[in-house]
Amino acid sequence: MILMLVLLGINVIAFLAFGWDKRQSTQPGASRIAERTLLALALFGGALGALIGQQIFRHKTKKQPFRTLLWCAALVNILAAAIVLRMDWLGG
């Protein structure tokens with residue numbers, strides 16, 4: 001239960017980070033969120049929120065290698081979830 005709340009939180013944060021960075025990108029001289037930070041949020045459990053935010057805010061949808069790295073983070077999230085679910089299913 002706690003893990004689910006943590007994952008929900010990081011996904012909300014990742015989603016909001018994409019929205020904030022998109023907003024800042026339209027403001028001259030505004031401080032931005034580093035791509036490294038956006039990717040780290042995705043990698044550490046927030047890939048779904050990041051991908052949804054990317055599409056809704058139309059932010060960094062064409063930028064390479066960012067797109068590829070974001071999808072790699074999503075794959076890592078899926079694999080980690082599969083491992084956790086398998087361990088739970090095996091009673092570990």
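Among contacts in the chain (heavy atoms within 4.5 Å) between residues at least 6 apart in sequence, 68% join residues at least 24 apart. The model is a predicted one, in which local features need pLDDT of at least 70 and side-chain atom pairs count only at pLDDT 80 or more, while totals for chains, interfaces and linings use all residues. Residues are numbered from 1 along each chain as its sequence is written, and side-chain values use heavy atoms, with hydrogens and water left out.

The chain contains 3 helices and 0 strands and follows the pattern α-α-α along the sequence. Helices (H or I, at least four residues) and strands (E, at least two) are DSSP runs, numbered from the N terminus. Taken along the principal axes, the C-alpha atoms fill a box of roughly 55 × 25 × 20 Å. Of the 92 residues in the chain, 30% are buried; buried means under 20% relative accessible area, exposed over 50%, and partly exposed in between (1.4 Å probe, protein chains only).

Two packed helices are described by the angle between their axes and the distance between the axes. Axes are lines fitted to C-alpha atoms, for helices over the stretch in contact, and angles run from 0 to 180 degrees between N-to-C directions. Helix 1 and helix 2 pack at an angle of about 55°, with their axes 7 Å apart. These two helices, helix 1 and helix 2, are therefore oblique to each other, where angles under 35 degrees count as roughly parallel, over 145 as roughly antiparallel, 65 to 115 as roughly perpendicular and the rest as oblique. The axes of helix 2 and helix 3 cross at roughly 80° and come within 8 Å, and this pair of helices is therefore roughly perpendicular. Residues of helix 2 that meet helix 3 include L38, L39, A42 and L43, and those on the helix 3 side include F66, L69, L70 and W71.

The whole structure holds 2 aromatic pairs. In one of them, the ring centres of F15 and F57 are 5.0 Å apart and the planes lie at 45°, so the pair is tilted. Rings of Phe, Tyr and Trp (its six-membered ring) pair if their centres lie within 6.5 Å; planes under 30 degrees apart count as stacked, over 60 as edge-to-face and the rest as tilted. F15 belongs to helix 1 (residues 2-25) and F57 to the loop between helix 2 (35-56) and helix 3 (66-89), so the pair ties together parts 42 residues apart in sequence.

Leaving aside neighbours within four places in sequence, H59 is in contact with F18, D21, K22, S25, R32 and Q54. Most residues other than glycine have a negative phi, and most peptide bonds are trans. R58, in this loop, is not a glycine but has a positive phi of about 50°; R58 is partly exposed, at 48%. K60, also in the loop, has a positive phi of about 60° and is buried at 14%. The peptide bond from Q64 to P65 is cis, with omega near 5°.
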